[in-house]
Each structure stands twice: as structure tokens, then as C-alpha cells.
Amino acid sequence: MASIREQFEIPAKMKTWAYGLIGAGVLAFILGLFTKEHNEFIGTIMYNSLYWMLICNASMFFICATTLAMGGWQVAFRRVPEAISKMVLIFGPIAFLVLIYIVFVDHNHHIYHWLSDEAKEDPILKGKLGFLNPVFFLVWTVLAIGLWALLGARMRKLSAEADDAALRGEEPGKSFIWRNTVTASLFIVWFALTVGSTVPWLWMMSIDAHWYSTMYSWYTFASSFVSGMSLIALFVIYLKNKGYLEYTNQEHLHDIGKFMFAFSIFWTYLWFSQYMLIWYANIPEETVYFKHRVQGPYKGIFFLNLIINFVCPILILMTRSAKRNYTLITFMAVMIIFGHWIDFYQMIMGSIRKDDAALSWFDFGIAAFFIGMIILFTGKALASRPLVPKYHPFLKESIIHHT
Amino acid sequence: MHLKYESQLREPLVYGDKTYHQVTEDIVRPIEAKPTKLWYVGFFIAVALLMFGVYSVYREVTYGIGQWNLNKTIGWGWDITNFVWWVGIGHAGTLISAILLLFRQGWRTGVNRAAEAMTIFAVMCAGQFPIFHMGRVWMAFFVLPYPNTRGPLWTNFNSPLLWDVFAISTYFTVSLLFWYSGLLPDFATIRDRAKTKLRKYLYGVAAFGWTGSTKHWQRHESLSLVLAGLSTPLVLSVHTIVSFDFATSVIPGWHTTIFPPYFVAGAVFSGFAMVQSLMLILRKVFGMEDYITLGHIEAMNKVIVLTGSIVGCAYLTELFMGWYSQNKYEGYTFWYSRANLFSPYGWSYWGMMACNVISPQIFWFRKMRRNLFVTFFMSVIVNIGMWFERFVIIVTSLYRDYLPSSWSVYYSPTPWEMGFYLGTFGLFFTCFFLFAKYFPVIAVAEIKYVLKTSGESFKDGMDNIEEKGSEEFAHEYAH
């Protein structure tokens with residue numbers, strides 16, 4: 001009976017890549033500081049920090065949702081989303097600093113029009129200032145990011161108990177599941193109150209300060225969740241290729257693939273619902289959001305978004321064999337993460353710079369920084385404890401899991 | 001090695017020391033016995049209600065839509081409210097059979113048969129309303145797009161009402177097929193046990209010559225998977241398109257982009273509440289407590305609190321946007337016509353909030369989820385609340401529109417409007433009583449499928465597996 005490789009050791013190559021990407025990102029940052037127009041510079045950093053933070057936080061959403069659903073299948077690789085969710089501790093403060101810089105230091109009313117003095121006179125905007133004001137922005141941003149980080153940390157701490165043999169037996173197992181359930185429900189409720197509603201309005205939708213759409217937050221959630229699942233898939237495959245995660249196999253990958261497939265379709269469903277209803281009613285106050293995206297400079301990005309995030313997943317991930325194929329899932333995961341990055345680009349930059357869509361070296365450079373950070377710190381988090389929660393009450397179900 | 005194992009921490013799905021034969025006995029016996037007095041009483045009441053409904057519809061068809069209290073401003077009232085309500089209820093069955101199948105939720109086997117039956121009956125009830133709302137119901141075939149001699153009179157493909165025709169008829173067809181194909185092995189079981197020639201003949205015909213051969217099972221399994229795949233988007237599409245009936249318009253309170261997913265969540269919410277009401281009665285009357293366990297009821301209550309909260313999130317989103325948009329009309333609809341308790345229809349909005357959002361929150365507590373009385377009470381409350389939701393959406397948006405000169409007086413239904421609604425209850429329960437008497441209310445074959453993994457007595461035998469360390473376990477059983 002061979003014992004499993006529980007302890008992940010970060011390969012030198014992984015570190016090299018991470019430092020390389022971070023270095024490239026820092027370089028892009030410095031070059032951008034001098035060469036890029038101010039709003040493009042800030043906007044690019046803003047959408048990147050929000051996107052990468054939200055997709056890492058999606059890992060904790062996945063853990064909490066499966067915990068509440070009493071899922072067993074995910075336990076074999078659960079430490080992977082746990083490690084990814086730890087990124088919120090780093091990306092949270094980064095995103096916070098960026099947002100606070102825009103609102104309090106830069107007073108950037110080009111991005112947040114509601115910061116300007118005109119807003120106090122504008123018949124529409126002046127009515128919104130009860131929600132769109134710096135104080136509420138600050139308080140809510142601190143609360144949102146702070147509680148994600150705090151409750152996420154509590155979930156991870158609980159998970160550490162599954163490394164201890166004391167968890168064996170029915171009573172400790174029941175109590176463990178119960179305590180997980182309580183924290184997971186708190187996280188989910190807070191998640192619904194932030195990502196599922198207020199936070200995308202406050203951070204992103206308010207860039208188009210006059211415009212509104214009730215679907216906006218659910219759409220943002222779908223976009224970040226499907227990319228979050230893809231990120232989990234990438235790390236699972238990486239670890240498998242390195243010979244770790246012995247209990248995880250094609251069956252688990254198949255189910256991760258189903259999530260990637262299903263939520264790509266779900267995203268499309270929300271995309272279509274929002275777009276079609278606005279198109280159909282054809283009210284100028286609403287169509288203003290899509291006008292330059294569909295017909296103006298963002299036209300290419302707009303359709304690329306649909307092709308990558310809908311057409312490709314539905315065609316490629318439909319079959320059973322595709323979802324069980326490591327290469328294809330890797331390819332699709334990269335594609336989906338890229339696709340929704342594009343989606344965030346058009347959501348945010350499409351509102352900041354309406355007459356110019358220039359996805360440039362700078363966007364990729366800043367993204368490289370965040371990717372490098374994810375590789376480095378998720379790697380460290382993975383190495384910091386066993387890869388398999390050995391005494392988790394549902395681990396055996398996960399081991400014999402088959403689809 | 002394929003191992004029948006699940007964690008000891010999970011509750012058994014079947015209680016008692018059951019064998020396959022015992023399962024068949026328990027579920028099929030009520031079909032073979034004579035109907036009880038209680039059954040006759042219930043059936044008679046249902047048929048009487050149905051007859052009242054038929055009479056109400058007769059009046060409406062004979063004398064026209066004027067038999068209802070609709071007016072120029074409130075052109076949709078109880079009728080469309082009831083339509084959306086019934087369609088919504090018709091969502092749980094297919095959600096349980098298709099989506100929970102994909103999520104591999106073992107507990108669905110206890111409740112799927114009755115839930116699917118309920119779905120089909122609910123969609124049948126729903127269909128009555130738009131058909132009779134046409135007024136000249138003999139022209140109903142006009143909704144079908146086909147080359148005709150009516151000149152340019154062709155269906156309007158831009159209309160979500162027409163999409164409804166396609167969505168609902170497709171949904172009905174697929175749900176019926178799914179339900180029926182699941183019934184085949186169970187019909188064959190009843191046929192094989194039959195003591196009278198007539199019963200043997202009738203169930204034999206219904207079973208399509210099922211023999212239980214490996215080939216049959218193989219075809220059956222692949223058919224189930226295909227139908228589950230087809231049904232999953234359908235569960236979403238039907239109520240999405242129903243929501244389009246409202247959301248494609250420019251009526252304040254209707255035109256809001258969150259409508260499609262929020263309608264779907266609401267539909268699942270009300271559907272589960274209806275399943276819950278029916279299941280609590282069924283398990284009591286037929287003594288099915290071993291198969292529809294407290295665990296099943298708890299799981300459904302979890303779905304109810306989840307979907308109720310999603311719906312709540314959507315209500316608050318809409319209300320917030322009614323203010324945030326600073327659109328006067330949206331603001332008026334949401335903050336005056338609805339959220340203001342003292343406006344003419346304010347009571348219906350707060351009734352909806354209390355029933356759908358506030359009260360289901362008690363299901364965060366395990367004790368409440370497992371309390372039969374609370375569950376039954378809440379299931380009724382939720383269905384009342386979901387009826388109010390549709391009433392609120394339809395009437396409070398319509399009764400004061402952009403043009404104050406066409407503001408409507410208070411709308412209240414006539415007895416015939418109510419009679420039509422009561423009649424659909426009659427139709428629903430008539431069908432359901434017949435179903436409960438002649439069909440196996442629990443899927444016998446599917447219970448047998450989970451018995452050895454999740455049956456109480458079988459789980460007791462897994463103790464030695466539970467004792468093993470994970471590495472030893474993986475070494476012996478993983479594939």
C-alpha cells in the first residue's frame with residue numbers, strides 16, 4: 001500500500017514563471033505610468049484587480065455552495081479551491097487600494113461621474129447620491145472585501161481539522177459538517193448581498209452613472225464564477241500532471257468540466273436576457289449602454305466575447321469525452337478565463353473609454369502581474385498544508401466518485 | 001471495483017429492513033386494493049369543483065369576456081395571474097427529474113414520480129387560461145403558424161405570447177415523455193402481479209411490452225439521460241419566456257432585465273411548495289413514511305429557502321432600482337403602487353413579501369425544516385405568496401399606467417373569474433386522485449436503485465468500510 005504524496009513542493013520552474021510574470025507586470029505598470037493616458041491607465045488596473053479578485057473569491061463560493069449542498073465529490077481536490085481563495089487576502093487589499101485611490105485620491109469623476117460637482121446639479125444623479133457617495137463607497141467596500149476574507153479564512157481554518165485523526169467517527173464528523181455548514185451559510189448570504197447585488201452596482205455599474213440594469217450583478221457573478229471554476233480546473237490539472245492529487249481522477253475532472261460547461265451556458269442565458277430585453281424595448285436610456293458596444297469601436301470585442309464564452313464552450317465542452325480530456329479542459333479553461341477577462345474589459349473599459357477600444361500590451365502586462373501573483377501565492381498556499389483532507393467525513397465518497 | 005457505499009453521516013433514503021420485494025409490496029399494494037372512502041370523498045369534491053369550473057367557462061364562452069371584471073386598463077387580471085401561477089408550479093417536477101438527476105441527488109427518487117405527475121397536471125391547468133382568455137376559443141388554432149387561407153393573418157413571431165405557445169407545448173411534451181418512460185418498468189411490475197385479466201391487459205398495454213431484459217434497461221437508461229438533457233434547458237426556458245411576456249414591454253414594473261432568472265427561481269420555489277403539500281398528504285394517507293422520509297422533506301425545504309431567498313434578492317434589487325434609476329414611472333410603480341402599504345394594492349405587495357421572503361427564512365433552522373406541521377403550513381403560505389407575486393406584477397403595474405385619464409378603478413374578480421380558477425383546482429385534483437389510485441406514486445424501480453447504497457439496513461453493513469483509513473480504502477476500492 002503506497003502512501004500518497006500529500007505535501008506539495010513548489011517546483012523551481014513554477015517560481016520562475018511566477019516571478020517572470022510579476023516582473024513583466026511591474027514593468028508594464030512603470031511603462032504605462034509614463035506612456036498611457038491617465039484614465040486608461042487607472043481603468044486597466046481597476047478592471048484587472050476586480051476581475052482577478054472576484055474569480056479567486058469564486059473558489060470560496062464553490063466551497064461554500066458544495067458544503068451547503070452536502071456535496072461529497074469535491075473533497076478529493078477541495079484544498080485547491082481553498083488555496084486559490086486565499087488570494088482574496090492579497091487581491092482584496094489591492095482592489096481596495098485601487099478603488100480608494102480612484103475615489104479619494106484621484107477624485108476621478110471621469111470614471112465615477114457621480115464624484116463630480118455637476119452630479120449635484122444633474123436631475124438624475126443628484127437623486128442617486130444617497131447610494132453613490134464616497135462615504136458609503138468606502139464603508140461598503142471595506143465590509144465586502146473584509147467579510148469575504150474573514151469568512152473565507154474561517155472556512156479554511158475549519159478545513160484544517162480534517163488533517164487530524166480526531167475527526168474520525170460519527171459524532172466528531174457530524175459536528176464538523178455542522179460547523180462548516182454554519183460558516184458556509186454566512187459566507188453565501190454575504191456573497192448574495194455583495195456579489196449577487198450591491199457590489200457590482202457600486203464598483204462597476206456606477207461608471208455609467210445614469211444607466212441601470214437589474215440583471216447587472218447576477219451577470220457579473222456568472223462571469224466571475226465560470227472563470228473561477230476554470231481556474232480551479234487549471235490547478236487541479238497542474239497538480240495531477242505533477243503526480244499529486246492521487247484521489248482525483250477523470251471523474252472529478254468531468255464534473256468540473258460540467259460546471260464550466262453549465263455556467264458558460266448560464267452566463268449566456270443572462271447575457272441574452274439582459275441584451276434582448278434592452279434591445280426589444282429600445283428605450284434610449286437603456287440602449288445607450290450597448291450602442292457603442294455593438295456598433296462602435298467595441299464591436300469586435302463584443303462579438304469576440306460571445307464567441308469565446310458561448311460558442312466555444314457549447315461546441316467543445318458538450319461531449320463527455322471532452323470533459324474528461326486533460327488537454328482539452330486545460331485549453332478551454334485558459335480560453336474561458338481569457339474570455340471573461342475580455343468581458344470585464346468591455347464592461348469597465350467600454351464605459352470609461354467609449355470611443356476607443358485598444359486592447360494593448362498594457363492590458364496583457366497588468367494581467368500578467370495578477371496571473372503571476374496567483375501562481376506564486378496559490379502555490380505557496382498549496383504547499384503550506386496537505387493536499388488531501390485525509391479525515392474529511394466525505395473523502396471516501398469522493399474517492400469512489402464516478403459520473 | 002464498484003462499491004455501494006455512502007458516508008454514514010448521511011441519513012438513509014429508505015428506512016426499515018427492506019428487500020426488493022418489500023419495496024414493491026409497499027408501493028404497489030394501494031393500487032391493488034379497493035379505493036378507500038376517503039379517496040371517494042376527495043375525488044367527488046375534486047370533480048364537483050371541476051364541474052363548477054366548466055360552468056364558469058361555459059358562461060365566459062357563451063357571453064364573452066365581459067363575464068370577467070377586466071377593464072380597458074387592467075386587461076390581464078386573475079386569468080393571467082392564474083396562468084403564470086400554474087405554469088410556475090409545473091416546474092418542480094422536471095427540475096427534480098432532470099436537474100437533480102444531473103446533480104446526482106439520491107433523494108429525488110422518493111419524490112420524483114409524484115412531482116412529475118403534478119407538473120403535467122399543473123401545466124394542463126395553466127394552458128386553460130390563455131386559451132379561454134382568447135374569448136373566441138374556437139379560434140384558438142390561430143396560434144399555430146401554418147400556411148393558411150387567412151391572407152396576411154399570420155402569427156406574430158415577434159410576440160413572446162407566441163413563444164409561450166412553443167415553449168409550453170414543448171415542455172409539456174417532454175415532461176410527459178419523461179414521466180411516462182419512467183413509469184414503464186413499474187407498469188410491468190403491476191402487470192406481472194395482476195390477479196384479474198382486465199388489470200393484466202390494461203397495465204400490459206401501458207407497459208409497452210416491457211420485459212426487464214438488459215436491452216430494455218440499456219435503452220431506458222440512455223433515453224432517460226437524453227430526456228434529462230433536453231429537459232434541463234426547458235425548465236429554464238419556459239418561465240424565462242413567461243417572464244418575457246412582461247419584460248419585453250415598456251410597462252414600469254414589467255420591463256426589468258432580472259425578470260427571466262428571477263421568474264425561474266420563483267417557479268421552482270412555488271413548485272417545490274406544491275410538491276411539499278402533496279407529499280405530506282400522500283405519505284400520511286399511503287403510509288409511505290419509510291420512503292418519503294424527514295430527510296426528503298428537509299431537502300425540499302432547503303430548496304424552498306434557497307429559491308425563496310433568490311426571489312427575495314430579486315425583489316429587493318427591483319425595489320432598489322426603482323429608486324436608483326430615478327425613473328419617475330419605475331419609482332411610482334415600485335414605491336407607490338407596490339411598497340406603500342396604504343396605496344390601493346399595497347396590501348398585496350406586503351402579503352407577497354411576508355409569504356415569499358420573510359416567512360420561509362424560518363427554514364434556516366433544522367428543527368423547522370423537519371417539522372411536518374410547519375412544513376405543511378409554509379408550503380401553503382408559499383403558494384399563496386407566489387399567487388400574490390403574479391397578481392402584484394400584473395395588476396399593480398397595469399392599474400395606473402402612463403396616462404392618468406385611463407387609471408383604473410379598483411379591480412375585483414367576478415364569481416365566474418374565481419370559478420374558473422377553482423375549476424382548475426378541480427381539474428388538478430381529479431387528475432391527481434386518479435394518478436394516486438392507479439399509478440405507483442413512488443418510482444419503484446428507482447427506489448430499488450438507491451436501496452443498497454442508501455437503505456437503512458444496508459448502511460448498517462458499511463461500518464467496517466467506515467472504519468478503514470482513507471489510504472487503505474483507496475487502495476482497495478478506487479479505480
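The model is predicted: local features need pLDDT of at least 70, side-chain atom pairs count only at pLDDT 80 or more, and totals for chains, interfaces and linings use all residues. Residues are numbered from 1 along each chain as its sequence is written, chains are lettered from A and ligands numbered from 1 in the order in which they are written, and side-chain values use heavy atoms, leaving out hydrogens and water.

Now the aromatic rings. Over all chains, the structure holds 110 aromatic pairs. Rings of Phe, Tyr and Trp (its six-membered ring) pair if their centres lie within 6.5 Å; planes under 30 degrees apart count as stacked, over 60 as edge-to-face and the rest as tilted. F259(A) pairs edge-to-face with F62(A), at 5.8 Å centre to centre and 90 degrees between the planes. F62(A) lies in helix 2 (residues 38-68) of chain A and F259(A) in helix 10 (residues 250-281) of chain A, so the pair ties together parts 197 residues apart in sequence. Helices are DSSP runs (H or I, at least four residues), numbered from the N terminus. F62(A) counts as buried, at 2% relative accessibility. In chain B, F435(B) and F439(B) form a tilted pair, 5.7 Å centre to centre with 50 degrees between the planes. F435(B) is buried at 2%, whereas F439(B) is partly exposed at 22%.

Helix 10 of chain A also holds H252(A). This histidine is buried, at 0% relative accessibility. Leaving aside neighbours within four places in sequence, H252(A) is in contact (heavy atoms within 4.5 Å) with W73(A), A76(A), F77(A), Y247(A), S398(A) and H401(A).

Charges meet rings too. A charge sits over a ring if NZ of Lys or CZ of Arg is within 6 Å of the ring centre and within 35 degrees of the ring normal. The charged end of R5(A) sits over the ring of Y244(A), 4.2 Å from its centre. K396(A) lies over the face of F473(B), 5.8 Å from the ring centre.

Last, a helix pair. Helix 11 (residues 284-294) and helix 12 (residues 299-316) of chain A pack at about 95 degrees, their axes 6 Å apart. Axes are lines fitted to C-alpha atoms over the stretch in contact, and angles run from 0 to 180 degrees between N-to-C directions. Helix 11 of chain A is therefore roughly perpendicular to helix 12 of chain A (65 to 115 degrees). F290(A), H292(A), R293(A) and V294(A) of helix 11 of chain A meet K299(A), F302(A) and F303(A) of helix 12 of chain A.

Key. Helix = DSSP H or I, 4+ residues; strand = E, 2+ residues; numbered from the N terminus. Parallel < 35°, antiparallel > 145°, perpendicular 65-115°, else oblique. Buried < 20%, exposed > 50% of the residue type's maximum accessible area, 1.4 Å probe, protein only.
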